[in-house]
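Hi everyone, thanks for coming. Let me put the structure up on the screen, and then we can walk through it together.

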Amino acid sequence: MSRAELVADLADSLHDVAEIFAGEDGADFGRHLDVAALDMARVRPRTLLGSVTLVAEQCIYAAPPDIAAFKSSLWGMARAPRPWEKEWTGPLPDAQLVIAGDVRELHLSPAPTSHQIGSLGAIYRFYYFAAYRVAEDAAHTTVTKEDRGLLLLRAQAEAMRELAMRNTTKPVAMRDGISGGARNGTPTYLFQALMAEFESRIR
């Protein structure tokens with residue numbers, strides 16, 4: 001699923017409401033999809049395997065660009081000596097993800113020692129939670145086909161949330177589809193209803 005395909009699907013699913021969003025080249029719908037993809041990481045966590053090459057006494061390393069949160073370390077878990085053993089190399093470092101703008105870093109504290117690297121290896125492997133991506137190229141979109149409907153549902157909710165905010169200064173006329181009468185606060189109602197459905201599908 002490419003970004004363009006998902007933008008088209010989202011616009012079609014919103015029917016007449018889609019006309020309210022005036023972003024060029026589907027920019028508004030793209031924003032809704034990006035928010036939905038961000039929330040997908042909360043409800044459908046993606047666990048990936050990462051690695052960095054350790055340097056003695058160095059505590060800062062480049063993290064994977066798609067990392068959302070650190071999960072757990074694999075380094076030394078299988079064969080690290082215990083504190084009561086004479087081969088003990090000292091406490092293993094704790095990892096923390098640090099994000100500064102677009103830069104993602106993995107901070108290890110305390111920094112690994114040369115003794116630890118010599119004993120446990122220089123490749124620090126770890127599990128991490130990865131963010132979802134809606135890419136221009138379908139091959140690089142990380143939302144699965146099975147979760148396409150869930151992504152679009154969350155994007156629809158985001159569109160309604162924006163309409164509800166817009167409604168505070170510029171009324172949005174939407175009709176209930178049954179009597180044809182206008183319903184005050186419909187975007188807010190639909191946002192709540194769509195989010196409730198989103199959460200219920202996850203469960």
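Let me start with a question: in which helix does Gln116 lie? Gln116 is part of helix 3, which covers residues 114–120. Before I go further, please keep in mind that this is a predicted model.

Now, is Gln116 buried or exposed? Its relative accessible area is 2%, and buried means under 20%, so Gln116 counts as buried. And what is it in contact with, if we leave aside neighbours within four places in sequence? The list for Gln116 is Trp75, Thr89, Gly90, Pro91, Leu92, Pro93, Ala111 and Gly121.

Let's follow that last contact. Gly121 sits in the loop that links helix 3 to strand 6, residues 123–130. With a relative accessibility of 22%, Gly121 is classed as partly exposed. Thr53 is 68 residues away from Gly121 along the chain, yet their C-alpha atoms are separated by 9.1 Å.

If you zoom in on strand 4 and strand 5, the latter being residues 103–109, you will find 7 bridges in the antiparallel sense. For a landmark there, look at Gln96, which stands opposite His107 in strand 5.

Let's turn to helix 2, residues 27–43. Its 17 residues should span 24 Å at 1.5 Å a residue, and the end C-alpha atoms are 25 Å apart, which agrees. The buried residues of this helix include Phe29, Leu33, Ala36, Met40 and Val43. What do the buried residues of helix 2 pack against? Their partners are helix 1 (3–14), helix 4 (148–166) and helix 5 (186–202).

That brings us to the largest nonpolar core, which has 30 residues; Leu14, Phe29, Leu33, Met40 and Leu151 touch the most other members. At least two residues of this core come from each of helix 1, helix 2, helix 4 and helix 5. Helix 4 gives the largest share, 9 residues. As for Leu14, once residues up to four places away in sequence are set aside, it touches Phe29, Gln156, Ala159 and Met160. Another core, of 15 residues, lies apart from this one, and Tyr61, Ile67, Trp75 and Tyr124 are among its members.

Finally, the aromatic rings. The count is 5 aromatic pairs. One of them, Phe21 with Phe29, is edge-to-face, at 5.9 Å centre to centre and 65° between the planes. Phe21 counts as buried at 11% relative accessibility, and Phe29 counts as buried at 9%. Tyr124 and Phe126 make a tilted pair, also with 5.9 Å centre to centre, and with 40° between the planes. Both Tyr124 and Phe126 are buried.

Note on methods: Residues are numbered from 1 along each chain as its sequence is written. This is a predicted model: local features need pLDDT of at least 70, side-chain atom pairs count only at pLDDT 80 or more; totals for chains, interfaces and linings use all residues. Side-chain values use heavy atoms; hydrogens and water are left out. Two strands pair if DSSP finds at least two bridges between them. Helices (H or I, at least four residues) and strands (E, at least two) are DSSP runs, numbered from the N terminus. The expected span of a helix is 1.5 Å times one less than its number of residues. Buried means under 20% relative accessible area, exposed over 50%, partly exposed in between (1.4 Å probe, protein chains only). Contact means heavy atoms within 4.5 Å. A nonpolar core is a set of buried Ala, Val, Leu, Ile, Met, Phe, Trp, Tyr and Cys residues joined through side-chain atoms within 4.5 Å. Rings of Phe, Tyr and Trp (its six-membered ring) pair if their centres lie within 6.5 Å; planes under 30 degrees apart count as stacked, over 60 as edge-to-face and the rest as tilted.
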